[in-house]
Amino acid sequence: METLLVFLLTGAVSGLLAGLFGVGGGLIVVPALAFLLPTLGTADAIVMQSAIGTSLAVIGLTGISSTRAHHARGGVIWPVFWKLAPGIVVGSLLGATVAHQVSSEVLKRCVGIGAMLIAIQMLIDATPKATRSTPGVLGLGIVGTLIGGLSALIGIGGGSLTVPYLNACNIDMRRAVGTSAACGIPIAWAGAVGFVINGLGVPGRAPWSLGYVDMAAFAGIAVMSVFTAPLGARLAHGLSPKVLKRAFAIFLIGISVRMLLA
């Protein structure tokens, strides 16, 4: 019961952050699962693969809920999304395959470093100057592949990469967040499929696992995240998120230090 409550709380927070910042909530879900999954029977050797795979599965649902809320407010630029999506799918599948090949310890370090870099970016509000226009299909395809690969490798929805890039392409922050939320859907589903396929038959998985996706954790977290993502999207369109971003960045630094030193 305590574990279920923790999953529900994790889902509520990750969904809120997904809607508010377009980050997909993975920066909360992955570290939480890294510490919780061993209690459900996941072997240490694959705990990070399971945490990342499960996080991406959750983001797959959170992303849909968050994107609908942003779309209702005209916050998603669909032509840009469709040009990014093919590369995102390819990159996410590649990222899942790489994660399968490396050790859980290496993945933990990757997540810790990724969280630290994202925290620093948010803390100093490092938004690139809008100095370029949106590239064509090939350019966005390459960008999508890079974003998908890096995001799937550490179990995030890609908002910390997609939003700054779209800002640099003269897309305003709110539409960048909304489009980023939409991009989190192919990142999550392609990545989750990759983790399911690569994890089939791997020993040490918890009961009710589908590949590297722990279905018990997925259900508990997804239930709440789907409900709270629209709330985050409403806040993103009605409030200035600067203070919240900085508070979240400090929290992320603590998570990254814990991941790197654990």
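The buried residues of helix H2 are Gly-26, Leu-27, Ile-28, Val-29, Val-30, Pro-31, Ala-32, Leu-33, Ala-34 and Leu-36. In this predicted model, H2 spans residues 26-36 and is mostly covered. Of its 11 residues, 10 are buried.

Just after H3 comes Gly-74, with a positive phi of about 70°.

The chain as a whole has 10 helices and 2 strands. From the N terminus on, the order of elements is α-α-α-α-α-α-α-α-β-β-α-α. A compact globule of 262 residues would have a radius of gyration near 18 Å; the chain has 17 Å, which agrees. Along the principal axes, the C-alpha atoms fill a box of roughly 50 × 35 × 35 Å. Burial is counted for 56% of the 262 residues.

The surface and the charges were considered next. The accessible surface of the chain comes to about 10,900 Å². Carbon and sulfur atoms account for 73% of that area. The chain carries 15 positive and 6 negative charges.

Gly-91 lies in helix H4, which covers residues 78-101. Its relative accessible area is 1%. Buried means under 20%, so Gly-91 counts as buried. Neighbours within four places in sequence were left aside for its contacts. Gly-91 then touches Thr-145, Gly-148 and Gly-149. Gly-91 and Ser-151 are 60 residues apart along the chain, yet their C-alpha atoms are separated by 8.7 Å. Another pair is formed by Leu-146 and Gly-87. These two residues are 59 residues apart along the chain, and 7.8 Å separates their C-alpha atoms. Leu-146 is found in helix H6, residues 137-154. With a relative accessible area of 54%, Leu-146 is exposed, whereas Gly-91 is buried.

Backbone angles were examined in two loops. Most residues other than glycine have a negative phi. Asn-170 is not a glycine, yet its phi is positive, about 65°. This residue sits in the loop between helix H7 (159-168) and helix H8 (173-199). Asn-170 counts as exposed, at 51% relative accessibility. Trp-208 is not a glycine either, and its phi is positive at about 70°. Its place is in the loop between H8 and strand E1 (209-210). Trp-208 has a relative accessible area of 73% and is exposed. The cut-off for exposed is over 50%.

Conventions:
Residues are numbered from 1 along each chain as its sequence is written. This is a predicted model: local features need pLDDT of at least 70, side-chain atom pairs count only at pLDDT 80 or more; totals for chains, interfaces and linings use all residues. Side-chain values use heavy atoms; hydrogens and water are left out. Helices (H or I, at least four residues) and strands (E, at least two) are DSSP runs, numbered from the N terminus. The radius of gyration is taken over C-alpha atoms; the globule rule is 2.2 Å times the number of residues to the power 0.38. Buried means under 20% relative accessible area, exposed over 50%, partly exposed in between (1.4 Å probe, protein chains only). Accessible areas come from the Shrake-Rupley method with a 1.4 Å probe; for residues, only the protein chains shown count as cover. Lys and Arg count as positive and Asp and Glu as negative; His and the chain ends are not counted. The place of a charge is taken as NZ of Lys, CZ of Arg, CG of Asp or CD of Glu. Contact means heavy atoms within 4.5 Å.
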